[in-house]
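This report looks at how part of a protein chain is put together. Please view the sequence and the structure first.

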Amino acid sequence: MDPVFSFQKNYLYTEDSIIVSKETNLNQFKQRVIDLEFLLKDTNVKKLHIYENFEIDNETIAIFAIENNPFGKSIVYHSNLGVFFVDQTTKQLINKYKDHHNWHGFMISRTFSRIFKLSGHLPIVDGVNIYLPLSGSKSRCPDWVGLHQLSSYQEKDGQAEFITKDGEVFRMAFSGHNLRAIIHKACFISECHVELYRKNINSFATIVLKADRIGISQSFRDCRCRLHLHLQRIDKLSWDFWIEYFSLTLRAITDEIEPDQDRAVKLKFSQFNKKRRI
């Protein structure tokens, strides 16, 4: 029986001996196009390890959802740790990331999606950090990709092909119709969030975004589409954002308290506006 690799300190190991260093794991797939079919080949599965209790951070490049595999429920591609199995679904990993690293969760993208009537492929956004779901339906977990870790992308033969900031190429299944459109939407939400950051602290400091942290998350900054024209009205956008954010929060709060949720939200808003006028 093949050994099951685990992750401890700087090494991947079995109970009997050290197998390989982190650096070796990180480098063994370089200069190869990585996709799920390639990773699940017998010769490549043996090169992967199992990382127990892994939590997504912003150095995660991509998460592949897998099914019926004895080694795990997801494969993670990480800029520092390499490629490894995780015994958690992509949904579980994203929920942990949301709870421990990005407390806004989906609220940022959900709020802007309500303002601009955007639909489908809801990303999880925190400033320039964007994780975008690429595939999946209500019955299965999606694959996720970190747009801030990429330098370019293209749609090719039913797959999304990406190049990382380090020049590595990987592919993920994409059954949608327009990859550029969903990336454009996710990047637009990121830009809106960054502009809100800028506005909120403008009188205290200046935001400096390091180029190596941005990836393609602001690749549409010179876009002049109808959607991007809204960024020219940042004052109104800021107010709209907080109204929608407040509304969504109230809906979550009143969900189990008031059977008539719309009535409960209107009541809370009425109380809020009275205090604001005072």
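Strand S11 (residues 150–156) pairs in the antiparallel sense with strand S12 (residues 159–164) over 6 bridges. Strands (E, at least two residues) and helices (H or I, at least four) are DSSP runs, numbered from the N terminus, and two strands pair if DSSP finds at least two bridges between them. The model is predicted, and local features need pLDDT of at least 70, side-chain atom pairs count only at pLDDT 80 or more, and totals for chains, interfaces and linings use all residues. Residues are numbered from 1 along each chain as its sequence is written, and side-chain values use heavy atoms, with hydrogens and water left out.

S12 also runs antiparallel to strand S13 (residues 169–173), joined to S13 by 5 bridges. Phenylalanine 162 in S12 is the bridge partner of tyrosine 153, and phenylalanine 162 also stands opposite phenylalanine 170 in S13.

| Hairpin | Residues between the strands | Residue with positive phi |
|---|---|---|
| S11 and S12 | 2 residues | aspartate 157, about 50° |
| S12 and S13 | 4 residues | glycine 167, near 90° |

The protein chain has 9 helices and 13 strands. Of its 278 residues, 46% count as buried, that is, under 20% relative accessible area (1.4 Å probe, protein chains only). Among contacts (heavy atoms within 4.5 Å) with a separation of 6 or more, 58% are between residues 24 or more positions apart.

Note on methods: Buried < 20%, exposed > 50% of the residue type's maximum accessible area, 1.4 Å probe, protein only.
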